[in-house]
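Let's take a walk through this structure together, one feature at a time.

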Amino acid sequence: MKKIFTLITFSFLLLILINNSVLADNNISKVDSISKNLRCLICQGQSVYDSQSEFAISVKDLIKKKIEEGNSDNDIYEYLKNKYGDWIMYEPELDKKTLLLWILPLILFVFGGLLIFKKAFINYNKNV
Amino acid sequence: MINQLGYYSLVFCVLFSLFIITKSTRAIISKNSKFDGIYYNLVFLQLFLVLFSFFCLVFNFIVSDFSNVTVYNNSHTSKPLFYKISGVWGNHEGSLLLWLLVLILFLFLFILNSKKSENGYKLLTIVFQEVIILGFLLFIIFTSNPFEYLFPTPTEGLGLNPILQDPALAIHPPILYLGYVGTSLVFSSSLAATVNKSINSDWAKHIKKWIFASWIFLTLGIMLGSIWAYYELGWGGFWFWDPVENVSLMPWLCLTALLHSVLVLEKRNSLKNWTVILSIATFALSMSGTFLVRSGILNSIHTFANDPSRGLFILIFLFILILLAIIIYFSFEIKNPNPSNNFFWLSKETAVLINNWFMMYFLSVVLIGTLYPIFLEVISNEKISVGAPFYHKLMVPFLIPFFIFMSIGPRLKWIKDKFTKINYYQILILILSLVISYLIVEYSGVKYLFSTILISTSIFLFYSSASDLVKKNIQFPQKISHFAFSLLIISILVNGIYSKEINSNMKVGDNLTFMNKKIEFKSINFEKQDNYNLLRGHFEISEEGKIPINFQPEIRIYDQPVISTSEADIKTNLLNDNFIVFSLLKEGEVFNVRYQQKPFMIWIWISLIMLAFGGSLALIKK
Amino acid sequence: MKFKKLNLVLILLITILVFFALYLGMKKQNLYTTDHIVNKKMPNLISTELFTGEETNLSELVAKERFTILNIWASWCAPCRSEHKHLITLSSNNNSKIVGLNYKDKIENAKSFISELGNPYDHILLDKKGFISIDIGAYGVPETYVIDNTNNKIIKKYLGPIDEFILEEIINILNS
C-alpha cells in the first residue's frame, strides 16, 4: 500500500517536471526584470513593469535607453534612486537606516530559539 | 424614517451595553454564583437591535435612498441588486456595522454554547466582550455613522468602484470579519479565564472551537481576497505583500500558532501563559488591522476612505484594550500546577513549540516589514519601500527547516517519544526528493542554490503528509489540513518557478510567437452592457498539434464613476492557467497585450479550501 | 517578583512607544512629498524648442532673470487647462522667466493648445519621451518648479495644477 502510494506521488511530481521543463524559457528581458523591482510611484501598489501609466512607460523606455547606452542594472537603480528617493525600490537596501529592519526579525528568531532550548533541554534535564 | 430607526437602534444598543456591563460587573464583585437568564435576553435584544439596524442600511441600499450619505457615496441606481447589497459592507461605515453585528452575534452564541461553564468565567467574558462592543458602538455613532442625512436628496449616487463589483470581493469582507471578530471572543474569554484563575485544559477544550472557527473563516477570507486579486486585478499575481494583505496575514499566523498551543493546553495542561499571550496578541493584530486600513496611515490599493479622526479613535480604543489586557495579565498570575512543566525535546509538545517559534518569526517579519516604513518616516522623514524581495529573502530560507520539522513533528507522541530504528525508507525518499529537485532546478534555470534544498524539503513534506493520510494513529482533521498545507506549498513553488509570461504592444492583426505558441490578435469589437461599455479583444493562441484556443479579454469603460478597467480572460485546467489581459495605450490603435502561463493555480485554491475543510472537521469532531 | 515588574514596565514602554509612533505616522498623510527634491540642484535641460525646432540649453535661456518657473504640461492633460490662466498671470512678473516643458505630446496638439489658451511661456521645450521629467524627479503632469538662478537650486515644487493659493505663494517668492 505504502509503496504504491509513493510511486503515485513521485510520478505526479515527474509529470510536473516533464510538462514544463522542456520548454523552460527564462529569457525575461532586462527591461522587464529591472522594472519589476521598481515601484510605480503614481499607482497604488503596482510595479513599473505591471503599470501602463505614462510615468511607468517613460521609466521603462528610459531603462531601455540606458541599457543600450551600456549602463549596468546598478547604474540604473542608482540613477532612479537619486531622482526619486529610495522608496522607488521594492527591496529596501541594507544600510544604516534599514539595519534594524533586516536584523530585528533574526534577533527575535534567535531569542525564541533560546527560550525553547531552555524549556525543552536545560530545564527538563534539571528537573527530571 | 428608516435612517432614524437604524440610528436609534444603535443608540439603544449603547444603553444595553452599559447596562450589561454594570450588571455583570456587580454580579462578579458580589460573587453571585447565579447566572441570571436575563443575560440571554439582554444580549439577544442587543443582537436584534443591531440586526435591525443593519437591515435598515441594507434596505436603504436596495431602494437607493440617497438621502443617506453612505448610500449616496457608494451606490447607484443602475447597480445590479447583488452589488447593491454587497455595497452595504463595501465601505467604511457599513463594514463597521457588520463588524459590530458579528461581535454581538458571537457573544450570543458563546452564551448559548457555554451552558456548562462556570458562571464567574461567563460573566467576565460578557464584560470584556461588551467593552469591545461598546467601543465599536461609540466609534460608529460618533465618527462613522452609516445613517447620516443628506439634504437636499440627490437623484443619483456616486456609484461603487467597478473593481469592487465582483462576487469574490462581495463575500470576502463578511467572511474575513467572521475570522477577525472570532478572535475578539477568544481575547475576552482568555482575559476572563485569567481573572477567574481558570486557565486550564477545560478552558482550552471550551475555547478551542472558537479558535478553530475564527481560523477557518480567516483562512477562507484571505483566500477570497487572493482569488479576487488574481481574477480581477489582471496582473496575474495573487499575493503582493501589500500592507492591507499583510494586515490580514498577521492575525492568521498568530491564530495558527494559537490553534496549536491550545492543543497542548488541552492535552497537557501546559503552555498556559503563552496561550493567553497569543490570544491577546491575535486580537490586538486583528484590531490593528482595522486601524491601519482605515486611518490613512497606509497607502494601498484597498484602503478605505482616509480620515485621521477615525484613525485616532481606533488607535486610542486599541491602546486602551491592550493596556487593559496587559494589566490583567500581570495582575492575575497564571499558576502552573506542575513544577516540572518542561518538555522533553522529542515530543509533540516541543513540536508545537517549534511550530509556534516559526510562526512567530514569520509574524515578526511581516509585522516589522509593514510597520518599519511608518516608523522610519516619523523618525527621520525618509521614505522607503518594503516589498516582496524583503519578505522572500527573510522567510524563504526559514521554510527549509520549517518543512523538515513539519514532516516529523505531527507524528511525535505526546510527552515522550523515542527514535525507533532508522527508517531507511524515509531516507530513500529524502534522497529521491533531492534528485528530483536538482533536476527541476537544472531545467528551469532558477538561480538560487538553495532552491534545490527548498524544493526537496517541500517534496519531502508532501510525501510525509501524504503518507500520513493513510496512517491510523493520526487525527483525521490534522492529516487533511497538513496535507493541504504541503500541497499549497508545492503549488506555490511550482507556480513561482514555472510561470512564464510575455508582454508586447500589438495592433489588431499582429501576432506574437512565444515558446512554441503563436498568439494572434484577431479583432476587436465594441459592446454595451448595463453600467459599462466594453472593448472585447479576440485572441487566438495556437500550438502545433493542438486545437487553437480563443481568448476574449475585455477593457471595460464604466460611466459611474468614470474608470476603465482591464478584465483578463483566464482559462483554467488542472495543470495550468492561461491568462491574457490587454490594455489601451494612449495612442489609440495600439494595445499592450500580456500573456501568462501559470501552472498549478487551481491547486492553490483547492489546497486552501482543503486547509479550511480540515479545520472544520476538527470543529465538528469536538 | 522584581523580574515580573521589570517585564511589565518594559512591555508598557514598548506599547506606548509603538502607539505614539503610529499616532505620529497618521499625521503624516502626504504620500507625495516634495522634500527630497527641494534644495537640490536643477539638472541642465537640453531639448528641442517647440516653435523654432532648435536644440536649446535651459541654462543659456535663463541667465538674466533671478528665478525660473518650469511648468510641465501637456495638451491631453485636463488640469493643465485649468491652471493655464494662472501661468498667464505669472508671465507678467519681471523677476522670472517661465519655461514650459511639453510632456509626451504631439507637436500639432501642443501648438493648438497654446494658440487656443494663450502663451505664458518665454520658451517651450519638448519632452517627447518623458526622460527630462524623470531627470528632474517629476511624476507626471502638471507639475511646477520654482528655481533660483543664482545657485541653480530648486526652491519649491508643486504637484498638480496651480490654484489661487499656490499662485499667491509663487508671486511672494518672486517678489522677495
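## A hairpin in chain C

In the hairpin of β6(C) and β7(C), 4 residues sit between the strands, and N152(C) takes a positive phi near 60°. The two strands, β6 (residues 143-148) and β7 (residues 153-159) of chain C, pair in the antiparallel sense over 6 bridges. Within that pairing, Y145(C) stands opposite K157(C) in β7(C). A quick word on terms: helices (H or I, at least four residues) and strands (E, at least two) are DSSP runs, numbered from the N terminus. Two strands pair if DSSP finds at least two bridges between them.

## What kind of model this is

This is a predicted model, where local features need pLDDT of at least 70 and side-chain atom pairs count only at pLDDT 80 or more, while totals for chains, interfaces and linings use all residues. Residues are numbered from 1 along each chain as its sequence is written, chains are lettered from A and ligands numbered from 1 in the order in which they are written, and side-chain values use heavy atoms, with hydrogens and water left out.

## An open sheet in chain B

Now hop over to chain B, where 4 strands form an open sheet in the order β1-β10-β9-β8, with antiparallel pairing. β1 (500-506) and β8 (569-572) of chain B stand at the edges with a single partner strand each, so one side of each is left without a neighbour in the sheet. From one strand to the next, the twist averages 10° (axes are lines fitted to C-alpha atoms, for helices over the stretch in contact, and angles run from 0 to 180 degrees between N-to-C directions).

Look at β9 (residues 576-584) and β10 (residues 591-599) of chain B: they pair in the antiparallel sense over 9 bridges. Here N578(B) stands opposite Q597(B) in β10(B).

## Where chains A and C meet

How many residues of chain A are in contact with chain C? It's 17, and they touch 18 residues of chain C (contact means heavy atoms within 4.5 Å). The two chains bury about 1500 Å² between them, 56% of it on carbon and sulfur atoms. In chain A, S58(A), K83(A) and Y84(A) lose the most area to chain C, together 36% of what that side buries. Buried area is the accessible area (1.4 Å probe) that two parts lose on being put together, summed over both.

There are 3 salt bridges between chain A and chain C (a side-chain nitrogen of Lys or Arg within 4 Å of a carboxyl oxygen of Asp or Glu). D135(C) forms one with K83(A), their closest N and O atoms being 3.3 Å apart. The largest share, 8 residues, comes from α3(A).

E54(A) also forms a salt bridge with K104(C), with the closest N and O atoms 2.9 Å apart. E54(A) lies in helix α3 of chain A and K104(C) in the loop between β4 (96-103) and α4 (107-117) of chain C, so the pair joins two chains.

The peptide bond from F151(B) to P152(B) is cis, with omega near 0°. You'll find P152(B) in the loop between α6 (119-143) and α7 (167-195) of chain B. Chain C has a cis bond from V141(C) to P142(C), with omega near -10°.
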